[in-house]
Amino acid sequence: MALAGVMTMAAAAQADAATARREAAGTLADGTAVEAVTLTAPNGVAARILSYGATLQRLSGPDRNGKVADVLLGYDDAKDYAEHPNFFGVTVGRYANRIGGGTFALDGRTYRLSLNDKVNSLHGGARGFDKQSWRIVAVKDGSVTLALTSADGDQGYPGKLDVTVTYALSDDGALTVTFAAATDKPTVVNMTNHAIFNLAGEGSPMGAMGHRLTIPAQAITPVDANLIPTGALRPVAGTVFDFRNGRVIAEGLRDGRDPQIVVGRGYDHNFALDKGPTATPQLAARLEDPVSGRVLEVSSTEPGVQFYTGNFLDGTYVGKHAHVYRMGDGIALEPQKFPDSPNKPAFASPRVDPGKPYRHVMIYKLSVAR
């Protein structure tokens, strides 16, 4: 084959592959520089990741008519994630979700964590991974890896933890997020991403409550008045938590006949996935917007997924394009170990030991229903 033909084939192959572009993204109030990496797939799906908080700032894709929109709530400027934090798209850790009373015992020793959710520690505490600047350590075609070192005693957690998060966009637009962590002493780890989705497009006036959601789970972990799991598993059959065959979110969102809806101010609950923990990512949730036709499939290796309807968005957060965010404007689907599992022996253990690193792989697959 002639050299020109080889070069043409190589160029065509490159055009059909996901790409990565690294650029400056402003500075924080203390002068810390923020970088961004934009991953773009040939089918039009794109993701933008910030070094601050290892944050998924944007995820965009076409609707059934080819119109591209960003489907994530968040901020236009990187500095707003630091100055007005609300977990939009961030990497949360060391421990995603709540630990009751901000305390747990490990190997006979009690650890007290920073409290940032009344009497609880939420998403790693007052200065969790979402409020720290990560290092970009690798940028390749379609992927970026960020790293962070969390010192022994950080937010009260034991062990020096070396953490990485890799975002990798496949050629067909599936965004795989891989969390990895290694410790020098026994500790607990539970990491996820806290993206808040509106498949109609961020800022869509109808919000996300008309979306149809499917969660393959026969039970939830019901919570007490402080939103801490009781330790029980409650069957979803016959309740507004039954998403096994798909249902419109709005149908049960304000059903005050269910005490769990009342205490959660809507949906803010962990679903015990039928699949349990798995070696490779399997379906945790499927979300569909009937108007735009966009579909989001969330897969994970973890046993649970937290479904949250933005209940604490109260109009005080001004996000992208000066949109005021309120309850129902987006939803979070957070794959995870169960909340408060360090204090619930019946739940899958979040323990991580030296020589046995932590790993969680999840996938956001954005597509269009025809």
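**View 1. A cluster of aromatic rings in the predicted model.** Here ring pairs tie Y75, Y81, F88, Y317 and Y325 together into a cluster. The model is a predicted one, and a search through the whole of it turns up 17 aromatic pairs. Take F88 and Y325: their ring centres are 5.6 Å apart and the planes meet at 70°, so this pair goes down as edge-to-face. The two partners come from distant parts of the chain, 237 residues apart, with F88 in the loop between α2 (78-83) and β6 (91-92) and Y325 in strand β27 (residues 324-326). F88 has 1% relative accessibility, so it counts as buried. Y325 is buried too, at 1% relative accessibility.

**View 2. A tilted ring pair, F104 with Y157.** The centres of these two rings are 6.2 Å apart, with 35° between the planes, which makes the pair tilted. It's another link between distant parts of the chain: F104 belongs to strand β8 (residues 103-106), while Y157 is in the loop between β12 and β13, 53 residues away. With 2% relative accessibility, F104 counts as buried, and Y157 is buried with a relative accessible area of 1%.

**View 3. An arginine over a phenylalanine ring.** Zoom in on F243 and you'll find the charged end of R247 sitting over its ring, 5.8 Å from the ring centre.

**View 4. The nine-stranded open sheet.** Reading across, the strand order is β11-β12-β13-β14-β30-β24-β23-β18-β21, with antiparallel pairing. β11 (135-140) and β21 (247-248) take the edges; each has a single partner strand, so one side of each goes without a neighbour in the sheet. Within the sheet, β12 (residues 143-150) and β13 (residues 161-169) run antiparallel and are joined by eight bridges. Look for L148, which stands opposite V163 in β13.

**View 5. The largest pocket.** This pocket holds about 610 Å³ of space. Its lining has 29 residues, and R98, D117, L122, Y308 and F312 are the closest to the centre. Sorted by class, the lining comes out as 11 nonpolar, nine polar and nine charged residues.

**View 6. The second largest pocket.** About 280 Å³ of space lies in this one. There are 16 lining residues, and the ones closest to the pocket centre are A200, S204, D289, V291 and S292. The lining divides into five nonpolar, six polar and five charged residues.

How values were computed
Residues numbered from 1 in each chain as written. Predicted model: local features only at pLDDT ≥ 70, side-chain atom pairs only at ≥ 80, totals over all residues. Heavy atoms only, no water. Pairing = 2+ DSSP bridges. Helix = DSSP H or I, 4+ residues; strand = E, 2+ residues; numbered from the N terminus. Phe/Tyr/Trp six-rings, centres within 6.5 Å; stacked < 30°, edge-to-face > 60°. Buried < 20%, exposed > 50% of the residue type's maximum accessible area, 1.4 Å probe, protein only. Lys NZ or Arg CZ within 6 Å of the ring centre and 35° of its normal. 1 Å grid on protein atoms, 1.4 Å probe; cavity = no way out; pocket = protein on both sides within 12 Å on 5 of 7 lines; lining within 4 Å. Points joined across faces, edges and corners; volume = space filled by probe spheres on them. Nonpolar A, V, L, I, M, F, W, Y, C, P; charged D, E, K, R; others polar.
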